[in-house]
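Subject: Handover of a two-chain model

Hello,

I am passing this structure on to you.

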Amino acid sequence: MKKYLNRLSSTGKYLLLYGTLLVFAALFFFPFYYMFVIASHPRATMFSTPPNLWFGGALWDNVHQLLFEQNQIPYLLNYFNSVAIALLTVVTTVFFCTMGGFALAKYDFRFKNFIFFFILATMAFPPFLNIIPFYRMMAAFGWINKWRALIVPGMANALGIFLMRQFLEESIPRDLLDAARIDGLNEFHILMRVVFPLAKPAMGVLAIIVFVGQWNNFLGAFILLPGIRRTTLPVALNTLNAVSYGEFGMVYAGTALTILPLLLVFFFASRQFISGLTAGSIKG
Amino acid sequence: MKTKTTLWESIGFNQKLAPYIFVSPFFILFVIFGMYPLVYSIYMSFFDMRLVGNRGFVGLSNYTRLFTTDAFFAKSLINTSLLLIFGSILQHVFAIPLAIGVNSKRLKARHLFKTLVFAPYITSAVATVIIFGMVFDHNHGVLNYLLETVLQIEGGFRWTTQGGPIKAAISIMLNWRFIGFNMVIYLAGLQGIPDELYESAEIDGASTFQMHRLITIPMLMPIIFFALTLSIIGGFQLFDEPFILMGGYETIGGPDQGGLTVAYYLMFLGFANGRLGRGAAVAWVLFLIILLFTFINRKVTNRLQR
């Protein structure tokens, strides 16, 4: 009898666990679902009571309105800007951070430890600390509305160098580097032909972190790329949202199209994304 | 056969020089884009710097007026603290039990659940505010509809036009976006707790709740404090969500400054109001507050690890 009760309560716990997690999963996913619901409704049924919970038939109309019937933002151009800036940031950042991480992982040199801790210590400064003079400096450089303003300052950043150092420390044997030197490769060749190919997994992790960060970067684009034709999706969507009195269908369609590609890639490569995006916290 | 060694090659073969060259981009960029504006912002904070020019040295008055006559700064500190508690720290109250639940050995589809809860983390603040716009809408939103029909609260709340509800709305968005991230950090921590501890506790007849209270939480303590530190550092710098939800500089934090955070206020001072010196002073006060909390957390964590 006691055994039976135990088993019952254990099944109960099991159901309770599943139930709770299911409710949470639904709560977390609901906003995404709801975004597509709104994006598919025409203005006429947008504000019905009770609120719409199922798709309407106007998704294409809303997309059409977003792309061709409004002149607030050049959505496709902003899309192109976002993709280009994010990719350029990924390529440059991964390059410079792998280089820096390699130096700290595989060479012995004077002040190495000091340099490493100095780089780590710079992470303690919040970006808001110098943002006002930083902006004035960018303006003095003439970099406002130039993509490089968003790309160059963070190209060799502390988190990236730290992550690459941790990875390269373990994954590249020094013997291999010495063998390459005996074969007549100089240090730059070693970096390009030995380190880069071997560091691909870590470079992928850093690429995910950098891409997601830049794709979602609102503040940077807001102050450095104020021109609507030069700017990225977060700023453009914010502008559209602010001026589109009641035209939610178009705004939500624009938001959905912004999120969807990243969300799909995330679902297909969720293991890499989740471990990558938390790597900075878990390895630290 | 080599005939001539170029300068590039002779540098390239210099094993002593190479590491300095490899880390040099960081230092070059840091000096230009990090350190120079940093030092300049200290300087600015002691002057009455305006958009159009420098009106001279004012000593500490940019700092002192923040704590004496500046009602907006006081308001922004209160708002930031409330959002820190309900937006940033509350996440952990959800994230830890969720992580324990997801870590349960009997759970199937663990990864699917992780994926669903983590997904909001890759969504931008702008998209989050837009998506939640129709959730929080005063007249047509889902939330007010539920409040009216289920809880019988007539008219619901004015989520974007009243001080308290504004902070609640921002907190809900922050919880949505970051609980999954924290849950994953805790899951990594849970996997480091040896199974033997639970097995011996089970033999001693401990209930599930007791096991988590007496084993899981104490073992997780260093990670809890680490994750809390991250959240607190991020929480003090909260800008995107309130700024976007409240419609930017013009409203200075929305009705009754209900969404004005410290970072929002410093951006307002520096970018819309043309008071660069005062903005810089706010930035340094913010930095000192963050430093203080980081220091306290480190002390506590060190004590826990001993």
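The notes below go from the chains to their contact side, then to the core and some local details.

This is a predicted model, in which local features need pLDDT of at least 70 and side-chain atom pairs count only at pLDDT 80 or more, while totals for chains, interfaces and linings use all residues. Residues are numbered from 1 along each chain as its sequence is written, and chains are lettered from A and ligands numbered from 1 in the order in which they are written.

The two chains

Chain A has 15 helices and zero strands, whereas chain B has 13 helices and two strands. Helices (H or I, at least four residues) and strands (E, at least two) are DSSP runs, numbered from the N terminus.

The C-alpha trace of chain A spans about 75 × 75 × 35 Å along its principal axes.

Of the 284 residues of chain A, 43% count as buried; in chain B buried residues make up 44% of 306. Buried means that 20 or more other C-beta atoms lie within 10 Å of the residue's own, with C-beta atoms placed from the backbone; 12 or fewer means exposed, and partly exposed is in between.

Where the chains touch

In this contact, 74 residues of chain B meet 70 residues of chain A. Two residues are in contact if their C-beta atoms, placed from the backbone, lie within 7 Å. Helix α2 (residues 18-45) of chain B supplies the largest share of chain B's side, 17 residues. By class, that side has 54 nonpolar, 15 polar and five charged residues. Here Ala, Val, Leu, Ile, Met, Phe, Trp, Tyr, Cys and Pro count as nonpolar, Asp, Glu, Lys and Arg as charged, and the others, Gly among them, as polar.

One residue of helix α2 of chain B is B:Pro19. B:Pro19 counts as buried because it has 23 C-beta neighbours inside 10 Å. Leaving aside neighbours within four places in sequence, B:Pro19 is in contact with A:Ala103, A:Tyr107 and A:Phe109.

The core

The largest nonpolar core has 165 residues, and those with the most contacts inside it are A:Leu206, B:Met183, B:Leu266, B:Val282 and B:Leu286. The largest share of this core, 14 residues, is from helix α8 (residues 163-190) of chain B. Such a core is a set of buried Ala, Val, Leu, Ile, Met, Phe, Trp, Tyr and Cys residues joined through C-beta atoms within 7 Å. Not counting residues up to four places away in sequence, B:Met183 touches B:Ala95, B:Leu98, B:Ala99, B:Val102 and B:Val117.

Local details in chain B

Strands β1 (residues 47-49) and β2 (residues 54-57) of chain B pair in the antiparallel sense over two bridges; DSSP must find at least two bridges for strands to pair. β1(B) and β2(B) form a hairpin with four residues between them, and B:Phe47 stands opposite B:Phe57 in β2(B).

In helix α7 (residues 142-149) of chain B, B:Val142, B:Leu143 and B:Asn144 are buried. The buried residues of α7(B) pack against α6 (125-136) of chain B.

Regards
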